[in-house]
Amino acid sequence: MKTTWKTALAGALALVLSAVMVPFGGEATAGMYDGKVITLIVPNSPSGRMTRYARLYAPYIAKYTGAKEVRVVNKKGGGGVKGTNFLWVQEPDGMTIAFTSVPTLILAQLSGSEAVQFDATKFVYLGRAATEPRVMVVGGNNEIKSIQDVMSLNRPFINPSQGTDEDFYTLAILADAIGFDLKIVTGYEGQADTGVAIIKGDGDGLLTSWAYTIPMVEAGDMRPILTIWEERHTDYPDVPTALEVVKAEKKDAVEAIINMLAMHRGFFGPPNMDPTATAELRKAISMASADPELQAKGKEQGLILLPSDGETEQKRIVQITKASQGLKPVLKAALDSIK
Amino acid sequence: MLEAIVGGLTMLLTPQAVLFMFIGVVYGLMVGILPGLGGIVAMALLLPFAYGYETAAMLALLLGAHIATIWGSSVTGILFKVPGAAKSLALIFDGYPLTQQGHASRALGASATAALLGGILGAIFLAISIPIVRPVMLFLGPPEYLMMALWGLTIIATFSEGSLLKGLVAACIGVLIAFIGMDPVTATPRFTFGSIFLLDGVSFPVAMIGLFAVAEMMKLYVKGGSILDRDVTEERSTVLDGVRDAIRHWWLVARSSLLGVWIGVLPGIGASVGGIAAYAQAVQTSKTPERFGHGAIEGVIAPDATVGANEGGGLMPTLAFGIPGGESMAILLIAFVTMGVTPGPQMMTNHLDLVFAMMWIIVLANGMTTLIGLGISPYLARLPAMNANIMVPLVLSVCFIGAFATRGDIEDVIVAAIFGGIGYIMEKYNYSRANLVIGMVLAEMIERNLHISLTLHGDWFLFTRPITLTMFIFVIFTTALPFYRNWRRGRMVAASTGGRP
């Protein structure tokens, strides 16, 4: 009788426990993130594409780590530097990670920007969500019709610029590597301002993402003249890549910048991040990228995905650091040219 | 074209689109009332929920929320001197004095009606202007934007009552504050003293919260009572008086709306400049400019009409070139792309009905906001009568939460408190806070455009570009006009009194 009573109690307890556990079950295995909140810093505008990618990924990272929530926090400012500085000093316990344009950070550091307090090579890279080719465009009515025209210009190529972002530095490297005289005019406010400036002829051209130029290229307001990518873009097979026109002795510089741009929209954590957390997050980000539901949502929202795993990105950063040391004088000269 | 206009309206006449617009408007009003959060945040937070519905419903939700935040931001500016967003700044100059005088309902009514009329007129002006928008955008450039900013500076004289020198000092302090942070031209940190927080400069909404709202609460704490003047015991006017005011000043509304459309159309000029420019033209064209700053209803009508009309103008860079004119338009651009619509000039031919659907949304969402606004205004107008013991902690809490919400930095709360102290001292010693803010808003615009003009067009750009020169002459004329009027009035007074003082 006594045994029966105890058995009944244990049975009831098990039932209660299993009932309590059911909601917590699912695809995540028991791990260090169970029921915790991960903070995902996005050092960009809340309305920008970077934040939209972060918000797309956040619930799926939570799903595959078992975290209660992945909270997206925007820490905008200083071209992404402010939020990244914030991550640099966070506890490496894996509870705070970031998502932004990795090349912007590397280039800001290489240029010797006074605002940078981090070493981009020391971050722990967790995976890439997407990357897309950059393209050099000129105004539709501009006398310049090709990259050869830029190279034979008997005046500087005028670039209206918003300031020292990745396109500013990339264009400076390209000008040095391809061999044309560049005049960067800073002070423009936003893409609309720089876009209209080249359409009306105040400036010659600019560097931007392929997706951004599509409507203007289709309308004849802009003309693509160079692709900053490993191969020609299928939409515009006549537009050469930077590697095709670069001087032989400067090929390494262009390869370094293409490698850097390939890291584009990436997740990373503070230096010396907890190895268990690193492994769990890398796995979760890879699984999230492969999730058909996330992919469908990305497509629905016009967010192109081109994922890459954390280990690959970590190896890439080592290569970039080695190759990009030679870029420092060019980047510094670009900064000096606007002072 | 008529077919597209009707087609655009028909797209919106579905239960889903109407419901989504209503949800967007109510949500936008709530977000707008909270200082620090504006239309961009409202749209960005809504975007993930907008997919998978009718095209018109999706646009109605997003644009409806954005439109409603405009009036939401005006409410706190008028009632508590807390501008909900940078673009509502100019509303506090006369809106708050009206509240103090017991005319809060009237100010809110005028504000809502002006925003509605501005939205409608803006959409009409825009529809008419579509063929000329592109050439005008290509015609005007940084030198002309510079002249617009200089014109905005002329308003400093209006707020320099008593001492022009004090007015200029306040404006110069504003300019210096605007220079804190990363120099937009040379990427050099200025006045940051090694602080990473200051690299991004002093947030304009945070400075405004401190300068006006926190300072006002400090003043109220010292004074006691309520924010209403001592002799005001009840509301002296109604919401309908405000509606009538806005309709009576139809010419001012029309002018301000036109200004709003074009400020929205031109990339590189923010809506906060628009509100100040609207205020400037209201003062400069008034026969009694001395009433401004003391509760002139025109000072509420002009900025609200401009900001209301500005939204339609902001669509234009997106439609004419496929370039988002601002962050809010970047969100709309994303929405278009997901709908499979390529933004740009081809939209005018392939999806003209969608273009007009957006214009209808601006009109209808403005109408809905105004109806709700007029309905709740009498209740909102009672809030300023609250005693200081309740009001001060309540408003200060909202202010500091708003300051934090702006960028998510605790340092912004400290900045708001510091600016509160600065505002209190300025008020006590008769230095115009409005001038400080005008200096802050226009400094960066002047700096950017002066630099670009000099680099691209040379040192003599003023004389080599006829439009720039014409605008410069106009700036000089409008600056001199009030001084000339004062001088003539002085002479007339002297003549009528036979030269006696």
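Helices (H or I, at least four residues) and strands (E, at least two) are DSSP runs, numbered from the N terminus. This briefing describes a predicted model, in which local features need pLDDT of at least 70, side-chain atom pairs count only at pLDDT 80 or more, and totals for chains, interfaces and linings use all residues. Residues are numbered from 1 along each chain as its sequence is written, while chains are lettered from A and ligands numbered from 1 in the order in which they are written. Chain A has 14 helices and 11 strands, and chain B has 22 helices and 2 strands.

**The two chains**

- The C-alpha trace of chain A spans about 105 × 40 × 35 Å along its principal axes.
- Of the 339 residues of chain A, 51% count as buried; a residue is buried if 20 or more other C-beta atoms lie within 10 Å of its own, exposed if 12 or fewer, and partly exposed in between, with C-beta atoms placed from the backbone.
- In chain B, 58% of the 501 residues count as buried.
- Of the contacts in chain A with a separation of 6 or more, 80% are between residues 24 or more positions apart; two residues are in contact if their C-beta atoms, placed from the backbone, lie within 7 Å.
- For chain B, residues 24 or more positions apart likewise account for 80% of the contacts with a separation of 6 or more.

**Domains of chain A**

- Chain A is divided into domain 1 (5-131 + 263-323) and domain 2 (134-259), with bounds that come from an automatic or database domain assignment.
- The centres of domain 1 and domain 2 of chain A, taken over C-alpha atoms, are separated by 32 Å.
- Domain 1 of chain A brings 10 residues to the contact and domain 2 of chain A brings 9 residues.
- On the side of domain 1 of chain A that touches domain 2 of chain A, helix H4 (102-110) and helix H13 (310-324) of chain A each supply at least two residues.
- H13(A) gives the most to that side of domain 1, with 4 residues.
- The residues of that side of domain 1 divide into 4 nonpolar, 5 polar and 1 charged; Ala, Val, Leu, Ile, Met, Phe, Trp, Tyr, Cys and Pro count as nonpolar, Asp, Glu, Lys and Arg as charged, and the others, Gly among them, as polar.

**A sheet in chain A**

- An open sheet of chain A is formed by 6 strands in the order S2-S1-S3-S10-S4-S11, with mixed pairing; two strands pair if DSSP finds at least two bridges between them.
- Strand S2 (69-74) and strand S11 (308-309) of chain A stand at the edges with a single partner strand each, so one side of each is left without a neighbour in the sheet.
- Strand S1 (residues 37-42) and strand S3 (residues 96-101) of chain A run parallel and are joined by 3 bridges; Thr39(A) has Thr96(A) as its bridge partner in S3(A).
- Helix H3 (residues 81-88) of chain A packs on the sheet and touches S1 and S3 of chain A, its direction making about 150 degrees with that of S3(A); axes are lines fitted to C-alpha atoms, for helices over the stretch in contact, and angles run from 0 to 180 degrees between N-to-C directions.
- S1(A) also pairs with S2(A) in the parallel sense, over 6 bridges, and Ile41(A) has Val73(A) as its bridge partner in S2(A).

**The largest nonpolar core**

- The largest nonpolar core has 265 residues, and those with the most contacts inside it are Ile61(A), Ala60(B), Leu62(B) and Ile361(B); such a core is a set of buried Ala, Val, Leu, Ile, Met, Phe, Trp, Tyr and Cys residues joined through C-beta atoms within 7 Å.
- Helix H4 (residues 55-80) of chain B provides the largest share of this core, 17 residues.
- Domain 1 (5-131 + 263-323) and domain 2 (134-259) of chain A both give residues to this core, so it lies between them.
- Leaving aside neighbours within four places in sequence, the contacts of Ala60(B) include Leu12(B), Phe20(B) and Ile361(B).

**Individual residues in loops**

- Ser161(A), in the loop between strand S6 (157-160) and helix H6 (166-179) of chain A, is buried, with 21 other C-beta atoms within 10 Å.
- Not counting residues up to four places away in sequence, Ser161(A) touches several residues, among them Phe168(A), Tyr188(A) and Thr194(A).
- Asn272(A), in the loop between strand S10 (265-269) and helix H11 (275-290) of chain A, has a positive phi near 55 degrees and is exposed, with 11 other C-beta atoms within 10 Å.
- Phe191(B) lies in the loop between strand S2 (189-190) and helix H9 (204-223) of chain B; its phi is near 50 degrees, a positive value in a residue other than glycine.
- Phe191(B) counts as partly exposed, with 13 C-beta neighbours inside 10 Å.
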